[in-house]
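Open the model in your viewer and keep the selection panel at hand. This tour goes from stop to stop, saying what to select and what is there.

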Amino acid sequence: MPAAAQAPGPGPGDLPSVAPTLRALRHRTGLTLEAAARAADLSPAHLSRLETGHRQPSLPVLLGLARVYGTTVSELLGETTPDREAVVRAAAAAETRAGGWSYWPAGAPGRAMQALRVRIPHSGGPQDQVVRVHPGEEWLHVLAGGLRLHLGDTSHALGPGDSAHFDSLTPHRLAAEGPDGAELLFVHTLLQSPTAALCLGPEATGGHPTPSGVTS
C-alpha cells in the first residue's frame, strides 16, 4: 500500500448502536437537533446524518456528544455499565469547594437528574454574581439559613422548609442572606456541561463562565 493511502473508515454497519443511541439520548435530554448540534459544535445536517446512520462519528465527535448528553463514550457505543448504586452514604459524599461554596453529591452520577447538597456562605463572593441561563429544570429546598433567589425580574426570600421549582431558561441567581449563610438541597436536569462545571460558576473553570451560565 502506498504510504499516502489510508485504511477505509468504518462502514454503515460497523457501529450499529450509535445512530439509535444518539437519537435516544438527545430525546432524553429534551434537546432539539439544532440545539444539540450547536452545543457539540456540529452542523444540524451532520448530526442528522449521524442519527440516521448515514455517517459514523469520529472519536472527537463522540467525546463532544457524550459531554452534551451527560454520558460516556461507552454508553454511546452501546457498552453496558454496572448498575449504579441507589443509595448515597453521607460518609462517601466528598466535599467539593468552588468560589467559596461547598457541594456534596446527593445522587448517583450520570443520571438524568443531578442532586447536590449545597452550602452557601454569607457574602459568597463571585458565586453570588453568577446569573445562570441553560436548558432544563431546577428544584431547590432550603435546609437552613436564608436564601435569596433572583428569578427573572423578581426576587424571593426563602427560609428553612421553603422550596422553588423553575425552568432554568429563566435567568436565575442564588445568594445567602444572614450571617450564617444557607444550606440547601438542589436538583437539576442540566446535562449539557461537563460534570465538574455543573453549577460551580466561572471560578471553577479558570475564570471563564461555564457553558451553563453567564456572569452579570
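Two strands pair if DSSP finds at least two bridges between them. Helices (H or I, at least four residues) and strands (E, at least two) are DSSP runs, numbered from the N terminus. This is a predicted model, in which local features need pLDDT of at least 70, side-chain atom pairs count only at pLDDT 80 or more, and totals for chains, interfaces and linings use all residues. Residues are numbered from 1 along each chain as its sequence is written, and side-chain values use heavy atoms, with hydrogens and water left out.

**Stop 1: colour by confidence**

pLDDT is the predictor's confidence in each residue, from 0 to 100. The chain has a mean pLDDT of 76, and 72% of its residues reach 70 or more. Confidence is highest in β6, at 96, and lowest in strand β9 (residues 213-215), at a mean of 28.

Now select residues 1-16. Their pLDDT stays under 50, and the model has 6 contacts for them beyond four places in sequence. Contact means heavy atoms within 4.5 Å. Next, select residues 191-216. Here too pLDDT stays under 50, with 62 contacts beyond four places in sequence. Where pLDDT is low, the predicted coordinates should not be read in detail.

**Stop 2: strand β5**

Select residues 137-151, which form β5. Which strands does β5 join? Antiparallel to β5 runs β7 (residues 163-167), joined by 5 bridges. Strand β8 (residues 172-188) is also antiparallel to β5, with 13 bridges. Strand β6 (residues 154-158) joins β5 through 5 bridges, again antiparallel.

Zoom in on Glu 138. Opposite Glu 138 stand Phe 166 in β7 and His 188 in β8. Move to Leu 147, and you find Leu 158 of β6 opposite. Then pick Gly 152 in the hairpin of β5 and β6: there are 2 residues between the strands, and Gly 152 takes a positive phi near 60°.

**Stop 3: strand β3**

Select residues 114-120. Buried means under 20% relative accessible area, exposed over 50%, partly exposed in between (1.4 Å probe, protein chains only).

Tyr 103 stands opposite Val 118. β3 also runs antiparallel to β8, joined by 7 bridges. There, Ile 120 stands opposite Ala 182.

**Stop 4: helix α1**

Select residues 18-29. The buried residues of α1 are Val 18, Ala 19, Thr 21, Leu 22, Leu 25, Arg 26 and Thr 29. They cover an arc of only 165° around the axis, so they lie on the same side of α1. That arc is taken from the directions from the helix axis to the C-beta atoms. Step on to Gly 30, which follows α1 and has a positive phi, near 75°.

**Stop 5: the nonpolar cores**

A nonpolar core is a set of buried Ala, Val, Leu, Ile, Met, Phe, Trp, Tyr and Cys residues joined through side-chain atoms within 4.5 Å. In the largest, of 20 residues, Leu 22, Leu 42, Leu 47, Leu 50, Leu 65, Tyr 69 and Leu 76 touch the most other members. The elements giving two or more residues to this core are α1, α2 (33-39), α3 (44-51), α4 (59-69) and α5 (73-76). α4 gives the most, with 6 residues.

Last, select another core, which lies apart from this one: it has 19 residues, among them Tyr 103, Leu 140, Phe 166 and Leu 174.
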